[in-house]
2 protein chains.
Amino acid sequence: MINELVKKISDLNAPVVVGLDPMLSYVPEYIKEKAFDEFGESLEGAGEAIWQYNKAIVDAIYDLIPAVKPQIAMYEQFGIPGLVAFSKTCEYCKKKGLIVIGDIKRGDIGSTSGAYATGHLGKVQVGSKSLYGFTEDFVTVNPYLGTDGIKPFIDVCKEENKGIFILVKTSNPSSGEFQDQKIDGTPLYELVAKKVVEWGEDLMGDVYSNVGCVVGATYPEQGKTLRKLMPKTYILVPGYGAQGGKAEDLVDYFNEDGLGAIVNSSRGIITAYKQDKYAKFGEKNFADASRQAVIDMIEDITGALARR
Amino acid sequence: MINELVKKISDLNAPVVVGLDPMLSYVPEYIKEKAFDEFGESLEGAGEAIWQYNKAIVDAIYDLIPAVKPQIAMYEQFGIPGLVAFSKTCEYCKKKGLIVIGDIKRGDIGSTSGAYATGHLGKVQVGSKSLYGFTEDFVTVNPYLGTDGIKPFIDVCKEENKGIFILVKTSNPSSGEFQDQKIDGTPLYELVAKKVVEWGEDLMGDVYSNVGCVVGATYPEQGKTLRKLMPKTYILVPGYGAQGGKAEDLVDYFNEDGLGAIVNSSRGIITAYKQDKYAKFGEKNFADASRQAVIDMIEDITGALARR
């Protein structure tokens with residue numbers, strides 16, 4: 001799957017991914033009203049509203065980008081109807097030719113990680129049938145439990161030609177609390193990075209591994225170091241835009257070939273219509289505002305890469 | 001919620017929790033056949049089978065135990081219909097008077113952890129309504145992202161009188177890979193433990209905190225140390241039974257008052273009918289086999305505690 005992702009990024013010259021992380025407060029009023037009219041002020045109504053919101057954004061941007069990254073927590077907060085919206089969003093994006101990175105940050109002991117891998121990337125056996133539960137192409141994984149929590153994901157990826165991104169250095173302010181702790185002079189995130197490389201050797205694509213990692217845009221120094229430590233690992237970079245990461249800071253997350261990283265923006269794109277810069281589009285044209293924000297983001301990042 | 005849990009454990013003299021972690025292969029054939037007859041060999045059929053299986057086990061054991069711990073991965077593998085079975089199981093257990101510990105091991109950056117906390121422990125706002133997505137009393141949380149990934153869970157617990165168990169030292173063979181790494185001579189799991197104590201001070205019950213931790217039964221030496229380091233932290237102990245943890249090894253996870261730990265068994269209880277020891281019950285009486293296995297587990301653990 002990493003080969004497909006790299007090809008799409010190259011073809012579009014767009015090393016970006018859009019985070020479909022809907023809060024109900026992001027959704028234009030008229031979409032919410034219609035959904036609540038039909039399903040009431042209920043979890044079903046909320047699920048319908050975020051699904052319609054996502055669908056309009058995807059319709060407006062799918063031809064510009066290689067991939068989307070729905071954050072499952074934003075759907076899980078609405079219980080089952082929210083997860084139905086997650087599932088519909090994943091399937092719709094795939095129909096539109098997008099690669100779907102499920103930001104699920106799962107991770108557990110072996111047998112349990114196996115169940116997560118099966119549910120999100122693989123097929124589960126039910127009697128004589130093999131069935132997909134959810135249908136992502138990649139998922140994010142938490143490494144705290146070590147190799148036997150990762151291995152089942154790798155096994156399923158091998159069978160299904162899929163991939164994972166493992167948390168190495170996250171974008172949030174307190175990520176350093178444990179991740180930066182030094183073990184014989186080496187920060188924990190580097191130890192994790194070394195393991196990511198090792199795990200990834202078993203799942204190589206043409207140039208890059210199907211085992212990628214997550215390094216936040218908010219820590220450019222660490223990004224630079226990690227890029228060198230793991231040259232064949234694709235880096236999924238959250239934290240651009242709303243969280244404070246800037247394009248000039250991100251050039252060092254890329255290899256000399258201009259590949260090796262994919263930068264995510266969520267709020268910056270999906271709530272563009274609420275930002276001064278794109279206010280002229282108005283609420284009714286929120287999806288067009290998102291399209292313009294994607295164009296600007298791609299220009300911002302490819303521009304910074306061209307200038308380096 | 002920790003007060004309620006402690007009271008139930010004391011009243012029943014049963015520091016145990018049953019893991020409702022169904023694999024389809026655990027479910028007796030006649031239950032699967034009935035479910036597949038009704039819903040086909042589909043995700044819905046699988047969801048129905050594990051729900052009926054859970055329900056029968058809960059009916060047979062609910063009066064013996066304070067709590068259950070459904071592992072959400074086992075449901076998530078069947079997609080939406082699996083999660084419907086998870087949700088029904090949680091609600092049914094609560095109706096039966098059981099405390100529900102959702103083993104979800106979530107954890108993300110602040111705003112995203114907030115969505116998980118809302119979805120599993122709190123209420124989400126939809127228009128003028130406040131609604132529950134899922135309905136656990138406690139959930140397990142992964143600490144790798146640090147304080148701002150934990151704080152939103154604590155905020156919701158405060159509002160809702162609920163609690164969390166944070167992973168400190170997990171039961172799996174490779175848990176040491178990162179968790180045992182030494183920072184200035186102190187293993188990472190101890191640093192996490194110190195943070196757990198700090199986070200928990202903000203959420204104290206009468207004696208114990210609503211912020212508990214997870215320490216695997218398979219690492220009794222570490223369990224002993226951690227017990228002393230965090231005297232007011234309840235320890236959720238997975239790994240007893242099928243994973244190899246023995247009752248005699250677990251006495252040091254408890255305080256002198258006989259409290260402070262709750263030991264989980266999943267496969268040991270829910271697949272009792274497949275074990276030689278309980279084979280006499282037969283497949284039809286699988287739930288009675290589970291009941292006997294619960295009685296034996298309680299005896300095993302309280303016996304070891306009495307002998308220390």
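This is a predicted model: local features need pLDDT of at least 70, side-chain atom pairs count only at pLDDT 80 or more; totals for chains, interfaces and linings use all residues.
The contact between the two copies draws 61 residues from chain A and 61 residues from chain B. On the side of chain A that touches chain B, these residues divide into 27 nonpolar, 26 polar and eight charged. Because 100% of the interface residues of chain A are also interface residues in chain B, the copies meet through the same surface.

Within chain B, one helix pair can be followed in detail. Helix α3 of chain B, residues 43-61, packs with helix α5 of chain B, residues 79-95, at an angle of about 20 degrees, and their axes are 8 Å apart. Since angles under 35 degrees count as roughly parallel, α3(B) is therefore roughly parallel to α5(B). The crossing in which α3(B) passes α5(B) is right-handed.

The residues that α3(B) brings to this contact include Leu43(B), Ala46(B), Gly47(B), Ile50(B), Trp51(B) and Val58(B), while those of α5(B) include Pro81(B), Val84(B), Ala85(B), Tyr92(B) and Cys93(B). Glu44(B) and Lys55(B) in α3(B) also take part, as does Lys88(B) in α5(B). Taken over both helices, the residues of the contact of α3(B) with α5(B) divide into ten nonpolar, five polar and three charged.

Conventions:
Residues are numbered from 1 along each chain as its sequence is written. Chains are lettered from A and ligands numbered from 1 in the order in which they are written. Axes are lines fitted to C-alpha atoms, for helices over the stretch in contact, and angles run from 0 to 180 degrees between N-to-C directions. Helices (H or I, at least four residues) and strands (E, at least two) are DSSP runs, numbered from the N terminus. Angles under 35 degrees count as roughly parallel, over 145 as roughly antiparallel, 65 to 115 as roughly perpendicular and the rest as oblique. A crossing is left-handed if the near helix is turned anticlockwise from the far one by less than a right angle, and right-handed if clockwise. Two residues are in contact if their C-beta atoms, placed from the backbone, lie within 7 Å. Ala, Val, Leu, Ile, Met, Phe, Trp, Tyr, Cys and Pro count as nonpolar, Asp, Glu, Lys and Arg as charged, and the others, Gly among them, as polar.
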